[in-house]
Amino acid sequence: MTYLALSVADAIKGEFRIGATYYLVVHKAYITIHGRDNKVLFQFLPDLPFIQSSYGQDQIIAGDGGVFKITETEDGPSNTTVAQTVDTVVTSNNDTGLQLTGTLTFADDRSVGYSFHLQELSSKQLDFSIQLDIAQDNNKDHHRILFSFESNANEDFYGFGEQFSYSTLKGQKVPIFVREQGIGRGEEPVTSILNDPSGVFGDFAGGDSFTTYCSVPQFLSTDNRGLVLKNSEYASFNLQKDDRVTVRLNATLLEGRFFQGNDLLDLVSEYTLYSGRMHRLPDWISDGAVVGIQGGTEKVRKIIQQLQHYKTPIAAVWLQDWCGKRLQKTPNGVEFKRLWWNWESDDTLYPDWSTFVNDELKSQNIRVLSYVNTFLANVEKKQSYRNNYFLEAESHGYLVKDPSSKSKHQTLIISSGTDFEAGILDLTNPDAVIWFKSIVKQHIYDAGVSGMMTDFGEYLPYHSDKVSLHSGISSEVYHNRYPQEWAKLHSELVHEIGLENEAVCFYRAGYTRTPGYINLMWAGDQNVAWDEHDGIKSAVTGMLSGGFSGFSITHSDIGGYTTISAAPLLELVRSKELLFRWMELSAFTAVFRTHEGIIPELNAQFYDDQESLAYFAYCAKLYASLSPYRKKLIQEAHAKGWPLMRHLVFYYPHDPIVRQISYSQYLLGDSLLVAPMLTPSVSHVKVYLPKEEGVTWRHVWSNQSFTPTGQDIHVASPFQRPAVFIKEPRQDGGLLDEFIAFTAQQDSV
């Protein structure tokens, strides 16, 4: 037997109810699942198995710096079932549930039993699970599930977490794996240089189109349906064929949920009932810039004074080097500084930390944000320190272990670059969580700090022969969950100390249920570049993608982060033009926050000269003018799960041009259309206006109104005049009045 086949027992053909809304129809050659208004929610392909099993280990190799390379075992006739029977259909749970059972058969006639269970949760949500009975096949040590259902050429798919290369994922195969997103991700020559195993940067550090910190086994589609897996094992979604979707999961139990909705916004609301909805940001952060500065107390004072000279609205300073910095060298000898991962204030850079935070900055209504991550570094070589939390954690068994290690404590040591090693906090150990919370509370919150960048979460190795966790859970199951549990730790802490309405913690790594624990996401480390793979354009694509997966409140590093000085091989440094355009973009996101980049002295900075300081002040004021409107959107995100930055497909799902938009334009809420300038040395942008009756889009700078008829328009976008349009008749309830007044004032200057 080498052909694919589905066989349905004659005795079970017919219609079967699943609660009050859903029903399943067993046809002669296929099965359909119907939902609200008798609409087909999912249909399985005629005469083909919709459930298969395969065996064989996928190759998931970890490199330095949280990068992973994934090579899937090919699923072919030699290792994959080729036939499926459906033998029984049984109702359960007072007719709200339904279970199908049958057999999956390999080409050599070995077989595996399965059960497929469906359970109504509400009129818009249907739980499902697939369980393999591998006891029937004792000769094979690894099984996975392949679940296929029908699609069509006109169905587009969005979501899967933060995807930085594509808008719709139709036609792609999407791996679901949390990892460092890489440097380049397809942009050349940087990607090839970083991926060269014989090069100075190490193996596969460049990434590819699907490497992302925030990967979620979930989609929403233009057919007004969605799906999420509850599993955390490695999975992939194959959307390459027009007529089907195949979900591939490395487990013998697949659990998930189907969604249906009236439209894509309704689907987001339904999905976020499962994933959790992001908490509200406190009002204070919408009223000004979050100024990223490194260098110590005196430098911070000086830059604040410079900004105040230009009447810059400042919500907070973000001092990521509060814990001190150490020298690091790249493989080719370039020196730069990175943080000491020992979570106490540094006496050299910030000698009077608590006084500086509380008495000096807070007295000016400037809050302080700091930095923390999942690692602990041994600080024995640090010039001065009060505690060595790595040694303390190691002695108590609070760090992830490596069972193959010959060291005393078997501590798993990860590398984030040459001579930059650390242990990983074991979040499965309740005592470790309590201990780490106490450190963050003592050194950060008790010092008066209002939150932090809560970094990383993607480094945990995948294979259990490399990882031993306190709870005994396998790292194959826990790897993707780790950033979710990291967010949970900080959510619990701010609630325990009563700062849930004050603190801001922002994350780059995430998984399915991360949104329910956080109030701010950020797009991670982009290159200080213009490109669509790993530059400013990719930041927009990633932020819009996350909005389909519950990451509704997000922003990016102004100016990008990754800086490379490896002449003549590769140079990536930030220009003033890129910095200015990223400032403009960030005025129309959730938070306006700068980053100096990994090598600050090579990059253009907002404090370099008077022109840069003035432009920063202008963009911060532009951002602040949107505060009333933004606060309403933040509340909407918390109440409904709707993103602040919205892909146009939410409102124009049937427009084929809209479906393909990735970064060139987006909606902020439903009343502002933003077309950021993302290309150097250009003064005009092209904007597409989807057809819509009874409305116009008014360009805020020229006051020219455009009737949307499905056409492109070209508008000037010089500095200080980013292309922004207000929808009219206005529906913002006056919340854009301050923004309109600001733009009118600037236009008259």
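These legends describe close-up views of a predicted model.

**View 1. Helix 6 crosses helix 8.**
Helix 6 covers residues 430–445, and helix 8 covers residues 482–496. Their axes lie 10 Å apart and form an angle of about 55 degrees. That angle makes helix 6 oblique to helix 8. The crossing is right-handed. On the helix 6 side, the contact uses V433, F436, K437, V440, K441 and Y445. On the helix 8 side, W486, L489, H490, E492, L493, V494 and E496 take part. Sorted by class, the contact residues are eight nonpolar, one polar and four charged.

**View 2. Helix 9 packs with helix 10.**
Helix 9 spans residues 536–546. Its axis is 11 Å from that of helix 10, at an angle of about 20 degrees. Angles under 35 degrees count as roughly parallel. Helix 9 and helix 10 are therefore roughly parallel to each other. Helix 9 passes helix 10 in a right-handed crossing. Which residues meet here? I536, A539 and V540 come from helix 9, while L578, R581, W582 and L585 come from helix 10. Six of these contact residues are nonpolar, none is polar and one is charged.

**View 3. K124 and D266 form a salt bridge.**
The structure holds 39 salt bridges, and this view shows the one between K124 and D266. Their closest N and O atoms are 2.8 Å apart. K124 sits in the loop between strand 11 (111–122) and strand 12 (125–133). D266 belongs to helix 2, residues 264–275. The pair links distant parts of the chain, 142 residues apart. Is K124 buried or exposed? K124 is buried, because its relative accessible area is 14%. D266 also has 14% relative accessibility, so D266 counts as buried.

**View 4. R508 meets E180 in a salt bridge.**
The N to O distance between these side chains is 3.5 Å. R508 lies in the loop between strand 30 (504–507) and strand 31 (520–522). E180 lies in the loop between strand 15 (173–176) and helix 1 (190–195). The pair therefore ties together parts that are 328 residues apart in sequence. Both R508 and E180 are buried.

**View 5. D557 and R593 are joined by a salt bridge.**
Here the side chains meet at 2.5 Å, N to O. D557 is in the loop between strand 32 (554–555) and strand 33 (564–566). R593 is in the loop between helix 10 (576–586) and helix 11 (610–625). The two residues are 36 residues apart, and their pair links distant parts of the chain. D557 has 0% relative accessibility, so D557 counts as buried. R593 is buried too, with a relative accessible area of 1%.

**View 6. Salt bridges build a network.**
Which residues does the network join? Its members are D58, E72, D75, R144, K173 and R248. Salt bridges that share partners connect them into one network.

**View 7. T411 is a buried loop residue.**
T411 lies in the loop between helix 5 (389–396) and strand 27 (413–415). Its relative accessible area is 8%, so T411 counts as buried. What does T411 touch, leaving out residues up to four places away in sequence? The contacts are F390, E394, L399, V400, K401, D402 and S405.

Conventions:
Residues are numbered from 1 along each chain as its sequence is written. This is a predicted model: local features need pLDDT of at least 70, side-chain atom pairs count only at pLDDT 80 or more; totals for chains, interfaces and linings use all residues. Side-chain values use heavy atoms; hydrogens and water are left out. Axes are lines fitted to C-alpha atoms, for helices over the stretch in contact, and angles run from 0 to 180 degrees between N-to-C directions. Helices (H or I, at least four residues) and strands (E, at least two) are DSSP runs, numbered from the N terminus. Angles under 35 degrees count as roughly parallel, over 145 as roughly antiparallel, 65 to 115 as roughly perpendicular and the rest as oblique. A crossing is left-handed if the near helix is turned anticlockwise from the far one by less than a right angle, and right-handed if clockwise. Contact means heavy atoms within 4.5 Å. Ala, Val, Leu, Ile, Met, Phe, Trp, Tyr, Cys and Pro count as nonpolar, Asp, Glu, Lys and Arg as charged, and the others, Gly among them, as polar. A salt bridge is a side-chain nitrogen of Lys or Arg within 4 Å of a carboxyl oxygen of Asp or Glu. Buried means under 20% relative accessible area, exposed over 50%, partly exposed in between (1.4 Å probe, protein chains only).
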